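Open the model in your viewer and keep the selection tool at hand. This tour goes stop by stop.

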Amino acid sequence: MKRIIENIEPVLKRLKSFCEVVLGFKKNQAVLEAQRCPQCSHPKCIEGCPLGVDIPGFIRALREKNNLKALHRIREQNGLAGICGRLCSAPCEKACILNEEEGVDPINIKALERFSFDQGQSKIKQIFNAESANRNNRKVAVVGSGPTGLTAASILVEAGYEITIFEALHLPGGILRYGIPEFRLPEKALDIEIEYITSLGIEIKTNCLIGKTYTIFDLMDMGYEAVLLAIGASAPQMLDIPGAQLKGVHFAQEFLMRTNLAGEQQSLKTEMPDLFGKEIAVIGSGTMALDCARIAVRLDKQATIIHSQTEDDIEATGEECNHAKEEGVKLEVLTSPVEILSDENDCVKGIRCVRMDFVDKDGKGLWKVVPVKNSEFAVEADTVILADKGASNSLIIREMKDLKINKDGSIWIKKNEYMTSVDGVFAAGGVVNQSLNLIEALCQGKEAAQKIDLYLQKKNQNEEKNI
Ligand SMILES: Cc1cc2nc3c(=O)[nH]c(=O)nc-3n(C[C@H](O)[C@H](O)[C@H](O)COP(=O)(O)OP(=O)(O)OC[C@H]3O[C@@H](n4cnc5c(N)ncnc54)[C@H](O)[C@@H]3O)c2cc1C
């Protein structure tokens, strides 16, 4: 039987709204896809999932039409099933044994995970467990409420700690809230996940910028025995080409934040002042560039992505690239920007680009992408969005002189320990590796929480010895 794919909103309807593009499975589709799972005795999919979710187990529950049990099984290892079912890069599917059979596609695990959440979440209150909070009278502070912080917090609260998450913005969720548009992740799905996590007994203090509202030392004075820095890497980085300072050049982080935090995204078309032009060129690769371009076309703008590698090298699923192209986003691949061009008012009027190609200079098979001679051309644009990787917020870093920082600005941690150079201060997620995807961030949040638990257990034993 063929792999069943999720239902998709038609393109014309998509362009008129910010509604979710991928609509998920209908009940009968989910059961049929669940029945394709061979239920291996040594499941490679579990090994492929960085969180080790019991994939055959939750799929078995779906076959039995028990969606709540399926969601419960996923939640044993992954507190953000509704998010992962929509955004995960699905390494589990790459590991699925069906890939080894010619012409057979892997199980659509991501879609089944999303189905479990969408169908099971209304009954989710049955598995709330707030009693576990603060059994051991020890406090841990988590700085940042993105996926890393939320995951770490939920594991630590289950282990008996009193957890407070300190979040700089007015709403929790990190990139999931302000970076990812409604048409890929509806706010409602995120709210349900966060409501579930807070119901475990976690407090989230929003509008609380650590480094300003409180310092890390203040948190320690307030009785937090360990602090996890899960502050991501969303500070924009300047592109080093002429013209990057012109009027009409924006950072993707700013564009995404303005458009995602505008409330009802549909109202952007009618009620918000239009700060961006009509012809938008996005420089960058990956989901951040795709998301900017896909928002732009929904705001009736033309959008072109300029990317120096091939389409296959875009750091996003093929599905996301196809959706963007269907919606009219133009991809200029193997194209590198050389200069942002200005008009007489110092406003953007285009980008001078050069074509790139693969060469094997030494004939050793070491193919490199290099500029093609005399291939310069201009891409017309009145707005440029720079969608490169971000850096970490430097407030905390500036305040803590003993915090060791890597060359790329990420926070140094002791390998596999998640402890920074400051005793009791841990770091995980985007702040230690700016290229992490969602599932890797969740995995780091989980591992960091386990290390914090071990650290505090040891500390406890030492304290008892000294009494
Ligand atoms: C536009 C975009 C789309 C993406 N799409 C995908 C995708 O489809 N699939 C995928 O696998 N990955 C995707 N990613 C990557 C993924 O979102 C990240 O790996 C993940 O969000 C990192 O999580 P984090 O919790 O470490 O950081 P973040 O999500 O950035 O959260 C950090 C939080 O810390 C807060 N904070 C920062 N400084 C302070 C401070 N001093 N005090 C208090 N709070 C602070 C921030 O406000 C934020 O809420 C995408 C990334 C972007 C930018």
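Start with strand 8 (residues 279-284) and strand 9: they run parallel, joined by five bridges. Strands here are DSSP runs (E, at least two residues), helices are H or I runs of at least four, and both are numbered from the N terminus. Two strands pair if DSSP finds at least two bridges between them.

This is a predicted model: local features need pLDDT of at least 70, side-chain atom pairs count only at pLDDT 80 or more, and totals for chains, interfaces and linings use all residues. Residues are numbered from 1 along each chain as its sequence is written.

Select Ala281. Its bridge partner in strand 9 is Thr304. Right-handed means that, with the strands pointing away from the viewer, the path from the first strand over the helix to the second runs clockwise.

Stay on Thr304. In strand 10, Lys330 is its bridge partner. Strand 9 pairs with strand 10 (residues 330-332) in the parallel sense, over three bridges. Between them the chain passes through helix 15 (residues 318-326), and this β-α-β crossover is right-handed too.

Is strand 9 enclosed or open? Four of the five residues of strand 9 (residues 302-306) are buried (20 or more other C-beta atoms within 10 Å of their own, C-beta atoms being placed from the backbone), so the strand is largely enclosed by the rest of the structure.

Last, colour the domains, whose bounds come from an automatic or database assignment: domain 1 (7-127), domain 2 (130-234 + 391-466) and domain 3 (249-387). The C-alpha centres of domain 2 and domain 3 lie 32 Å apart.

Conventions. Buried ≥ 20, exposed ≤ 12 C-beta atoms within 10 Å, placed from the backbone.
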